[in-house]
There are 2 protein chains.
Amino acid sequence: MTEESVARAHDALVEVLSPGQVRRDESTRESYSRDESDAGVFPPDLVVFPESTTQVSAVFRTCQALGVPFTPCGARSGKSGGSLPLRGGVAVSLERMNRILDVSVEDLTAVVQPGVVTGELMRVAEEKGLFYPPDPNSWEFCTLGGNVAENAGGPRALKYGVTRDYVLGLEWVLPDGEVLRVGRRTIKGVAGYDLVGLFVGSEGTLGVATEITLQLIPRPRHVKTALVVFDSVHGAARAITAVLAAGILPRTLELIDETALEAVDGRGFNFPPGSGAAVIAEVDGNVEEGLFTELAELGEICERHGAREVLVAQDESQREKLWAARRLVSRALRALKPHKISEDIVVPRSRIPDIILALKALGEELGLRVATYGHAGDGNLHANILYDGPHQRPLVETAILRMLELTVSMGGTITGEHGVGLAKREYLAMEQSEALLRLQRRLKHFFDPSDLLNPEKIFPALERS
Amino acid sequence: MTEESVARAHDALVEVLSPGQVRRDESTRESYSRDESDAGVFPPDLVVFPESTTQVSAVFRTCQALGVPFTPCGARSGKSGGSLPLRGGVAVSLERMNRILDVSVEDLTAVVQPGVVTGELMRVAEEKGLFYPPDPNSWEFCTLGGNVAENAGGPRALKYGVTRDYVLGLEWVLPDGEVLRVGRRTIKGVAGYDLVGLFVGSEGTLGVATEITLQLIPRPRHVKTALVVFDSVHGAARAITAVLAAGILPRTLELIDETALEAVDGRGFNFPPGSGAAVIAEVDGNVEEGLFTELAELGEICERHGAREVLVAQDESQREKLWAARRLVSRALRALKPHKISEDIVVPRSRIPDIILALKALGEELGLRVATYGHAGDGNLHANILYDGPHQRPLVETAILRMLELTVSMGGTITGEHGVGLAKREYLAMEQSEALLRLQRRLKHFFDPSDLLNPEKIFPALERS
């Protein structure tokens, strides 16, 4: 944007907001230029902080009237660049809309603003005997608005599903600033098209949620957690498949491979020496004895598939230490090598052992360290490529392409919960047909004809002739 | 349609299908003119029976080219008129596409054609130790394609969700005949817009599924069923709310009120004399003792809320008799009075007792018998108005309007699982804003600009000036 058009946009936005809600200083712009992806640095020209639905709508209308690109953002914890202001313009932060408006024990619902931190809702719900299951790794700082935009998952998705499964209704601001209420407050409902379904996971390209009605469930009374240690990641993968085939559905079956174990070992939690892979299995329910029975059966199955040890967390503090180690993986891997790229692939469950072997072989072939961990129970793995610096980037690009090819060839998807955003945009055509991409581009155009809301995300750039 | 244009359509369709797949005899047309709703009789001019995706696509293209309306249908078990050929034209029956293509124990998935009867998939899955939870009352004859179109629910939705929660991917024929694959085969995935979400529940107005990839879950090893008998429906409603508030989530909490009990009593199952209402509570899981504990706790809560008796089914045959009685309710009510209208409302859980009282009072005020039964645990009630004949129809219309007003005023929705179709079309504006209706109409136009696919459904007729 030219200096003149930034100044004009600034003045117009101050008019519909207030001076304290519109920022253009270097440091604010810098901090809204990046997220948790490695997708690049894109500083916005302006950052605005609306505090109400009316203000969000006014910001959208103003940007449309001036032809200025605008991109919503939450905690900027996204891993695919969804909130990066690719073409500059206005970053629309929803973080000041951070109130929990209602938690109803009788209705098993919560109504929240988009800037509420996911972990805060979890805590408030649990204090009331309720439970909000979706638990992205970043739950201590990510926001529910971002979770809705990305359809965030997490370890507990194995049993409980993802964000989309808990969104009943939305107050939604369309790209032109129109405000709609879609969905409902009831558990069931089929009146009209499922626009909630379409909007959740639309990655900030079809509008933004300004109020979210969520379904909660009764909090399971008991949780039991086991750490199962294996010699090799392949044994762990086969055990995971066998546990599910036996009809056991734990709430998590998290895998940590050898490289990931090395990164976190000793940092608050000590894994048994010589561990080649670990699985964190967690079961929950209302009857404690039932959980012991289930965990014992799970342990036996794992032992039949070569588990060296099954350690059951004896109290909440042990359990919390174990999970802290799991959550640390992503950051701890950065200590092994200066750079990493995390791919968020999913394969059908039967292919979990195959993909794990294939990723290991690929790393060896290319001479790159690959750490694989994540939600193996539902086939959703985070395959991390570790590398030394930009000189290795071409090799890394090759590795990514090969990984995604392997994934798609096994009937998988290139993103399980992180979204396409900018990071996966050029790979989407590996998975989706030209006809499907064309339809989705037309849908984006239907909602946002001038392509000003979070422009150029998700869909591969059209070839210009 | 004129005789001439019917003849032309007939010949064009025979060309893309075969003579045995295109019918225009009176008796076929008659049987495709109605469904399980009381929404009217609308004979199609032609009925076609495509046997492949290519044929479905060819039928759609032919109808578009000739400007002939076309309406997909399955088992015609719908309760809102969704498959009625409102403007005549071509009824497109998917019933010959009835193969189960794959059931994978390792992937926990099934791939089916749309004409597969829901109960058949359930049986095949259960034989393999798997479970397909959505169980619309009509599961013995309805089809999965219809379930997808309507986003069908059922008693087990309380714990397991509705059809939408199990659809991973679709092969989908758009109104113009283009064939797309949307969604995926993996449990998780967020690549691109969630078109599966948009298409499921679109009631045959945005296209039709020609192949459905479904998620299955491990079959719970044990199921325990209890019949809880109350003096009054109000006591039953309060007990249901209390059970959920205590953190117990059975797989069903079905309510049968006094009128519905009277209709089915003695027809294969004898309810204790003097029963004023009954609740069928069913719990499932892998550890049998855990289920007894849970059922005992549920029984105690019900007794604290005035339950007269808690009877646990002692074997599968007792259990099946109880469920047969529940499934019989809808038909048996027709024996009490010659006519009935079933409304499929949902209220937030806290309002279950309120709506039940209000419906009873409404029936008394208007001098109509109202039977209320259904999936009370998730707030989804089937309120049936029984009446003698057409002379009472104006009174019935008043009752419907008042019921839906009550529902919406309590934060509810006018349809929980039956769909809007034709039956609820003129009431949708009670629940949804003009802006939302406008957007949905524009979306329909986006997908089907000539409005030939299942025309004039879901959205209220526009006032013509």
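This is a predicted model: local features need pLDDT of at least 70, side-chain atom pairs count only at pLDDT 80 or more; totals for chains, interfaces and linings use all residues.
**Exercise 1. The interface of domain 1 and domain 4**

*Solution.* Chain A is divided into domain 1 (3-93), domain 2 (100-218), domain 3 (221-332) and domain 4 (337-427). Between the C-alpha centres of domain 1 of chain A and domain 4 of chain A there is a separation of 32 Å, and the contact takes 9 residues from domain 1 of chain A and 9 residues from domain 4 of chain A.

The next step concerns area: about 670 Å² is buried between domain 1 of chain A and domain 4 of chain A, with carbon and sulfur atoms giving 60% of it. On the domain 1 side, D38(A), K79(A) and S80(A) lose the most area to domain 4 of chain A, and together they account for 68% of what that side buries.

By class, the side of domain 1 of chain A that touches domain 4 of chain A has 4 nonpolar, 3 polar and 2 charged residues.

**Exercise 2. The interface of chain A and chain B**

*Solution.* The contact takes 80 residues from chain A and 80 residues from chain B, and the area buried between chain A and chain B is about 6300 Å², to which carbon and sulfur atoms contribute 62%. Of the area that chain A buries against chain B, 15% comes from K188(A), V190(A) and Y193(A), which is more than any other three residues supply.

Turning to charged pairs, there are 8 salt bridges between chain A and chain B; one of the salt bridges joins E178(A) to R438(B), with the closest N and O atoms 3.2 Å apart. The number of residue pairs in polar contact across the interface of chain A and chain B is 24, again with both at pLDDT 80 or more.

As for the elements, those of chain A that each supply at least two residues of the side touching chain B include β9 (179-183), α8 (233-245) and α10 (288-304), whereas α15(A) gives the most to that side, with 10 residues. The class division for the side of chain A that touches chain B is 31 nonpolar, 28 polar and 21 charged residues.

**Exercise 3. Two residues of chain B**

*Solution.* T259(B) lies in helix α9 (residues 258-264) of chain B. Beyond its neighbours within four places in sequence, T259(B) is in contact with residues including L333(B), L336(B), R369(B) and L386(B).

I414(B), by contrast in setting, is found in the loop between α13 (393-409) and α14 (428-431) of chain B. Apart from its neighbours within four places in sequence, I414(B) has contacts with D344(B), I345(B), L404(B), V408(B), K424(B), Y427(B), L428(B) and E431(B).

Conventions
Residues are numbered from 1 along each chain as its sequence is written. Chains are lettered from A and ligands numbered from 1 in the order in which they are written. Side-chain values use heavy atoms; hydrogens and water are left out. Contact means heavy atoms within 4.5 Å. Buried area is the accessible area (1.4 Å probe) that two parts lose on being put together, summed over both. A salt bridge is a side-chain nitrogen of Lys or Arg within 4 Å of a carboxyl oxygen of Asp or Glu. A polar contact is a pair of N or O atoms within 3.5 Å; within protein, one must be able to donate a hydrogen and the other to accept it, and residues adjacent in sequence count only if both atoms are side-chain atoms. Helices (H or I, at least four residues) and strands (E, at least two) are DSSP runs, numbered from the N terminus. Ala, Val, Leu, Ile, Met, Phe, Trp, Tyr, Cys and Pro count as nonpolar, Asp, Glu, Lys and Arg as charged, and the others, Gly among them, as polar. Domain bounds come from an automatic or database domain assignment.
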